[in-house]
Amino acid sequence: MKGGSRGIKRQKAKTVKDGSSLAAAAPVTTDVVIDTNALFSAKEKFDASNALALPGMRRRKRRPTDDQSDDDDDDDNGEDDEESKKRRKRLKLKRLKRELQSDLLTKKKRKELERIVRKKESAKTRSQLWEELRQYQFPREEGEATATAHLLPSAAIHGVVSKRAKPSDKKKSPGDNTEPDANTDASIKPLLKGWQQQKQQLVKDSDSSTDTSDITVSSSESESELEHDDAPASASITVDAQTNDESKATAEAEAETAIKEHRPATFVQVRRSKAVQQRRLELPILSEEHSIMEAVSGNDVVLICGQTGSGKTTQVPQFLYEAGYALDGRRVVVTEPRRVAAIAMSERVGQELGLGRNRVAYQIRYQGNVTEDTVIKFVTDGVLLKELESDVLLRNYSAVVIDEAHERTIYTDILIGLLSRVVCRRRRLGHPLKLIIMSATLRVQDFLANERLFPSAAKPPLVRIDARQYPVTVHFNRRTEDDYLKAAYAKVCRLHTSLPPGGVLVFVTGAQEVVTLCSWLRRAFRKSKSTTTTSSSTSEAEAEDRRLDICLDNYSAVPADEDAELHEAPIDAELRRDGRLQADDDDDDGNVEVDADVEGFRLTDEIGDEPTKRQVGSSGPVHVVGLYSLMPPERQAAAFREPPNGHRMIVVATNVAETSITIPCVRYVVDTGRVKTKVYDKVTGVSTFVVTWTSKASAEQRAGRAGRLGPGHCYRLYSSQVFTDSFKDFAEPELLTKPVDEVVLLAKLYVNDVLHFPFPNAPDGEAVAASEARLVKLGALDSRKRLTPQGALMRQFPVAARFAKMLVVCEQQEELIPYVILLVACLSVPEIFVEESAASSAGDDNRGNDDSSVERKQRAKAFRRSFARAGQALLLGDPMSLIGVAAWYERQLGQRGRTETELVEQLGQLGVRHRAIGEVRKLRRHLTDIAGRLFVRRQVFLDPALPPP
Ligand SMILES: Nc1ncnc2c1ncn2[C@@H]1O[C@H](COP(=O)(O)OP(=O)(O)OP(=O)(O)O)[C@@H](O)[C@H]1O
C-alpha cells in the first residue's frame, strides 16, 4: 500500500498534461500519464471502492426528515443569532428525548442522554429558585438602617474581619455567603454582593459602636435602699440561650482565628527597693512570669493555679502593670472575696511597686482610696458587680483578676459567668479585656470542664505554680476537744511559754469568739506580782501533739462564707448594745501589752467563763489583737503592724485571715478546725448558722498563713483521724448550698435568664424553673420573669420566699409589723411545740422532767389552749398559739429572779422546745433589724412581750 501511494504521487508529479493515453506511455519505465480531467470532473463517477485514491470524500448519508430540512435551512441561511441557537438547542433536546424513548439506543448512549436531560432540568429549577428568592431580598438601605452587629452571627462577622480563607472554604455550601463564584448564575451576583456590603458595613458599625445589646443593664428605683453588703442592688444583664449560643459560636470563631495580638512590646519601668527585689526573687511565681504573660497576651482568659504563698496575689497585678496593662488611662482591677484582703493587698502591692497609696488603691463597700491616678484597684467581688451595672463592658479596665476563685462565693460565680461574656464582646469591639482567674487549689476543673462557661474551642490555658515558698509543719492533737475555744486558749498559753519567738494566729468561728478569747488571753498574761509558775517545756508540748509532717500539696479549696461574717453583725450589734464589745474592742485597739507573769484561772462549765486555772511558764509580754470582718479597717490594721519590741503577737481571727493575707510576724497557727456556715433547712426554708468542721482545703489555707516569711508550724486542735474522716475535701460552692429561691432572686439582679446563665456550677434546672414559677406567683418576678421592686425587697429577708412576701406586704400597716415579724419567726422555726405523743421524752433538750406522761400531755394541751383565746380570735388557730408562747417566753425572761434552768424545766413541762424558742427569739431580732432598715417610712421596733393582737 505504501509503495503504491508513493507511486501515485510520483506519477502525479510527472503528469503529462497533453492527455495522451496510457497505452502510449509504454514502456513502463519513468512517466505515467493520468487523465485528471476524467478523474475530477464529476463526483458521481467517483469509484467509492477506491479508498486509496480519495479517502475523505465519502458521500454523506442523508436522512429524509423534517429536522434535516430545518438544519439545512439553518445552514443555508447561516443564521447565528441567539434565537436560532435556542431553537437548535430545543430541537436537539427534542430529538434526544425521542431517541431516548426509542429502543434503538445503545446503553452507553442512553446513559449519556439521561445525564444531559437531568442537567438541563436542574439548571431550569435553579434559575426559577433564584428568581423567587430575589423577591424576598432585604433592601440594602433598609438593612443598613436597622441592623446592628449583634444581630449577625458573630462567626459571620469574624469571617469578614479575619479574611482568612482556608483551602476547604473554596468548596462553597449552598448557604455560603462569601464572594460569588465566577460560575455563579449572573442573577444572584448582585444579591451576594449586597449581602457582602451589608456585612462590611455592620462590621464597621460594630467596631465603632458601644452597643451592649446582648448584655443590657436596667436600673430600678429602690437601689440604694436594697444594697446587700457589697452586692449591687439592681442590674439586669440579659444572658439568654441565644446569647450563650452566640458566645459559643464566637468562641469557636475566635479560637479559630487564634487570638494573636501584635501588641507592641511594652515595658513599664519600676523602681523597687533592694529588699523588695530580693524578696520577690525568692517567690516561685517569678520564674513563671514569662509563661503567665505569654498566656495572657495570647488569650483573653487565663487560669492560674498556684500554691498558697507562691506569690499570685501580690505579683500578678505587678506583671500586668509592667507589661503596660495600666497605661492609657486604663486600669487593672483585682477582686478579693474579703474586704480585709482587699485593703491589705492594695497596700502591699503599692509598696512593692514603689507607687503612692492612691495609685494602688482599694474599694470596699463604704470605703476606699481610689482616685483618678489609680492604676491598680483591689475591690471585693460585690463592688465589681456593682460597677458592671453602670458599665457592663468595664471600659475603664484592661484586665480583671479574680483572686481566690476557689472560694466560690455566689458573687464570684456570677462575676465569672458575666465576665466570660464580656471578654467576647470586648474582643469584638477591638478592645480586648483580659480575665485572669486565680485559684489556690486544683479545683479549676469546674471552670475548665464547663462547656457553657468556656466552650471547648476556647478553653483558657492553665498555668500552674506548684511550689510554695516556705515549708509548714502540721501537728495534730491526739484528742479532739469539743470545747475548741478552751482548747485554743490552752494551746496558745502553752505555745507562748514554750516555743521560740514568733507570732501566733488563732482561728475561731465568729466575732464573739474573737472577743472572748482575746479577753481570756489578756487576763491570762496580765502582769502579776507573783513570779513565774512552772512552764510546760517545748518537749512536753511537742510530746502532747502527734507530730505529722503533712504534705500540704495533697488537698485544697476552702469555704469562704461571707455570710458568716455578715452574721457577725447582729452579734456585734448586740455586744455593742450591751457595752461588752466596746470594752473588749478598746482592749483590742488599745494595744494592751501585758507581761506574762501569769495568774491562775479556774474552769467553769459555762462557755464564756474563763478556762481552767493553769500554771503557765514565764515568758515575754504578749500583744493580743482581734481580727474579724466588721472591725473598722484602721483597727484591723493593728494585726498587720509589728508588735511592740520584745512582745509576742497573738492574733485571734475569724476565717477572714484564712486566705490572701500575710500577717508578717506570724510563725505559728492554731487551727480549731471549725467554721460557722449557713445551713439551709429545706423543710422550713430557713437558713441558720451552725458551727461545723471546715474543709481540708480550708485547713490547708489556714496552715499556709504560717509559712509566709519563713518556715512555720500549724497546730491543729483535732486528731488526724477526725481530719481524714470528717473533713470534706472542698467546701461546696455557695451557690449550691443556698435555697434556690434565694439564688434566683440574687441572680435576677444581674441576669434575666438564670436557667441559661453560665454559672461555673449551675443549680438544678428544674428547681430553677419551679422557683421562677413560684416567684412569679408571689409577685417577686413579673410575667416576663424580671425582678420586681417587691422581689428586690423580699430577697433581703433570710426566710422562705412566702414568708418574705408576708413581711414585705405588712409594711402597709405599721401596727401589724411586729406581729408579722414574730409570726414569721415562729413559722420559720420547726417544731416549737413538742408533739404530744413525744412529750414524754421531754423534747430534745428538756431534762429533769419526772412527771407522768399523761399529766404532762394534759398540761401541754391546756397551755397551748390558753393562747387560743375566744370568739373571732379562734379563727387564727395555731399562729395565735405560736405568737402567744413566744411573747409569754419573753415575759418570763424579763421576770426578776428567774434562772435559765428553771425556765428550761418549765418549758419542758409545757411541751415547748427550749432550743426552738431560743431560735425564734434570735430570728425575730434579726428580722426586726432588717425591717427597720428597709421600711424607712415606718417605725419598726422590738417589743419583746408583745400584747396579744
Ligand atoms: N504584707 C506583707 N509583708 C511581708 N511580706 C509579704 C506581705 N504580703 C505578702 N508578702 C510576701 O509575699 C508572699 C506571697 O504572697 P501572696 O499573697 O502573693 O501569695 P499567694 O500566692 O497569693 O498566696 P495565697 O493563695 O495564700 O493568697 C508571701 O508569702 C510573703 O512572703
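Q: Which residues have the most contacts inside the largest nonpolar core?
A: This is a predicted model, in which local features need pLDDT of at least 70 and side-chain atom pairs pLDDT 80 or more, while totals for chains, interfaces and linings use all residues. Residues are numbered from 1 along each chain as its sequence is written, and side-chain values use heavy atoms, leaving out hydrogens and water. A nonpolar core joins buried Ala, Val, Leu, Ile, Met, Phe, Trp, Tyr and Cys residues through side-chain atoms within 4.5 Å, buried being under 20% relative accessible area (1.4 Å probe, protein chains only). The largest such core has 96 residues, and those with the most contacts inside it are Ile414 and Phe797.

Q: Between which domains does this core lie?
A: Domain bounds come from an automatic or database assignment. Both domains give residues to the core, so it lies between domain 1 (274-465) and domain 3 (797-935).

Q: Which helix gives the largest share of the shell around the ligand?
A: Of the 19 residues around the ligand (a heavy atom within 4 Å), Gly309, Thr313, Thr314, Arg705 and Arg708 come nearest. The largest share of the shell, three residues, comes from helix H12 (residues 312-322; a DSSP run of H or I, at least four residues). The name asked for is H12.

Q: How far is an oxygen atom of the ligand from an N or O atom in the side chain of Arg705?
A: A polar contact pairs N or O atoms within 3.5 Å. A polar side-chain atom of Arg348 lies 3.3 Å from a ligand nitrogen, and a polar backbone atom of Ser660 is 3.2 Å from a ligand oxygen. For the side chain of Arg705, the distance to a ligand oxygen is 2.6 Å.

Note on methods. Buried < 20%, exposed > 50% of the residue type's maximum accessible area, 1.4 Å probe, protein only. Polar contact = N/O pair within 3.5 Å; in protein donor to acceptor, adjacent residues only side chain to side chain. Helix = DSSP H or I, 4+ residues; strand = E, 2+ residues; numbered from the N terminus.
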